[in-house]
Amino acid sequence: MDIRNETGKLYATIKDMPVMDFCSFLDVNAILENRRFRDAASVFLDDDRNAWRFLRACGVAEKSVTDRSDTNEERFKKFADLLPLAAGSPLYSGVYLVLRRFFDIREVLDGDTASSIWDLVQVRLDEGLTVRDVLSEYGVKRIAVATDPAASVEPFHKALKAGLDMDVVPAFNANQAMWIDGRDWDLYMQEFAAQTGSEIETMEDVKDALLYRMRVFATLGCKTITVYLENAAYRKMPMEKLDDVVGRVSHTKGRPTAEETEGYNTELIRFLARKAKEYDWVLQLRFGKCRNVSTRGFASVGSRKGYTALGHAVDGGKLAQLLDSLDCDDILPRIVLSSANPYDNAVLASLTGAFPGSGVAGTLQVGLTHVANQLARQLDVLADYLPIGISIGPAIRARTPFDFSAVSEWRYALCRWLVGLADDGRYPLEAEPELAARIVYGNLKTVINE
């Protein structure tokens, strides 16, 4: 079998299917205003954490990374000069896919060509390349933007009325409410209280505030809740104890212990799961990262600047206890379990068959990686534990419209893996187009009730 030829044929059957990203971090206002891109730095560097981490690893000073003391052209030229060192990475392939697709540039990007490529990109941008142009080119039909419940949702009201050719809806991002052990949880709760018009001093107050905002999000087309945890937690605590913890932390009278944090997280996850099932939403639980691992980096540039690392493996026993408590109380919604740590894939996958829900296929899913380089390794593990054919395509977690270049790479990698099965005699080639279409689009459309 000519694997490359058969992969290309299979890819042709799915490459133009619509894209639905169920967890992204795009700027909704940039979509509404249909902003134009200024220069090559705004395309490749302004909000790309992978690029920032790469530049730091290569010894580039922060002035050329996030604080932008250098000019954009200087920053881009430093990036171009170093990019050949990133051979084989998603960053490298992503840059070249964007250069070819939007700027018709096939030159090698390095220190010698940086100036000419900067000029060629600028010519195209001066013609008016916009955010929605890029999203349309990638076939994006639905974007769920991770949105804090304390944040304004006015942009989503505008999106509903704007008559866009894609759905732009919020995803209920409960991270800040979950992180009671974080540095600024008390300040966050004050902001949340101002949004909901009520004091937050007890566990029930936290849940009431979240429910109030869920109802608002539901009117805007929200169908997903996303939560990030450093590890699975399961610790039941009396409500009076949890009230004491919330009151103490919200009034800055003491930090929670590790046990209190687990108790709070358990109660909040159970609440979110109950409401997700009631609203027929999907609950996304993500694991496997450590946040703000560099004290010096955090002090210098703040959070969300790429100072993260892989965390410890998921505690499968505690996660099983948590899921079992949801199942026993009949509050198990559709759940997508994801981890940044590839060692967690077998643990997460092994749980899916143990909690099948009420006869609904794919009630418990393992989130597929959006990184094409990692997909084959993940699928090899997952296929040992769950039916791949009920899986949903990945959340791209896009921060810029150009991040959707990952979609084409991912779809091609999926086809290559499937054709490899056929070549080994482990799956019929003629059945693969239907299976690929289900994974890429059909299953997700069913799960989020589109």
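Colleague: How many cavities of 30 Å³ or more does the structure hold?
Modeller: This is a predicted model, where local features need pLDDT of at least 70 and side-chain atom pairs count only at pLDDT 80 or more, while totals for chains, interfaces and linings use all residues. Residues are numbered from 1 along each chain as its sequence is written, and side-chain values use heavy atoms, without hydrogens and water. A cavity is a set of points on a 1 Å grid over the protein atoms alone where a 1.4 Å probe fits but cannot get out. With a threshold of 30 Å³, the number of cavities is 1.

Colleague: How much space lies in the largest cavity?
Modeller: Grid points are joined across faces, edges and corners, and the volume is the space filled by probe spheres set on them. For the largest cavity, that space is about 130 Å³.

Colleague: Which element gives the most residues to the lining of the largest cavity?
Modeller: Lining residues have an atom within 4 Å of a point, and here they are P18, V19, M20, G393, P394, I396, V407, W410, R411, V440 and L444. Two or more of them come from each of β1 (19–24), α19 (405–423) and α20 (432–447), where helices (H or I, at least four residues) and strands (E, at least two) are DSSP runs numbered from the N terminus. With 3 residues, the top contributor is α19.

Colleague: Are α11 and α12 parallel or oblique to each other?
Modeller: Helix α11 (residues 185–196) and helix α12 (residues 203–218) have axes 10 Å apart. Their contact involves M189, F192, Q195 and T196 of α11, along with V206, A209, L210, Y212 and R213 of α12. The packing angle is about 55 degrees. Angles under 35 degrees count as roughly parallel, over 145 as roughly antiparallel, 65 to 115 as roughly perpendicular and the rest as oblique, so α11 and α12 are oblique.

Colleague: How many charged residues are in the contact of α6 with α7?
Modeller: The axes of helix α6 (residues 90–103) and helix α7 (residues 114–126) come within 11 Å and cross at roughly 45 degrees, which makes the pair oblique too. Contact (heavy atoms within 4.5 Å) is made by L99, F102 and F103 of α6 with I117, V121, R124 and L125 of α7. Alongside 6 nonpolar and no polar residues, the charged count is 1.

Terms used. On a 1 Å grid over the protein atoms alone, a cavity is a set of points where a 1.4 Å probe fits but cannot get out, and a pocket is an open set with protein on both sides within 12 Å along at least five of seven lines; lining residues have an atom within 4 Å of a point. Axes are lines fitted to C-alpha atoms, for helices over the stretch in contact, and angles run from 0 to 180 degrees between N-to-C directions. Ala, Val, Leu, Ile, Met, Phe, Trp, Tyr, Cys and Pro count as nonpolar, Asp, Glu, Lys and Arg as charged, and the others, Gly among them, as polar.
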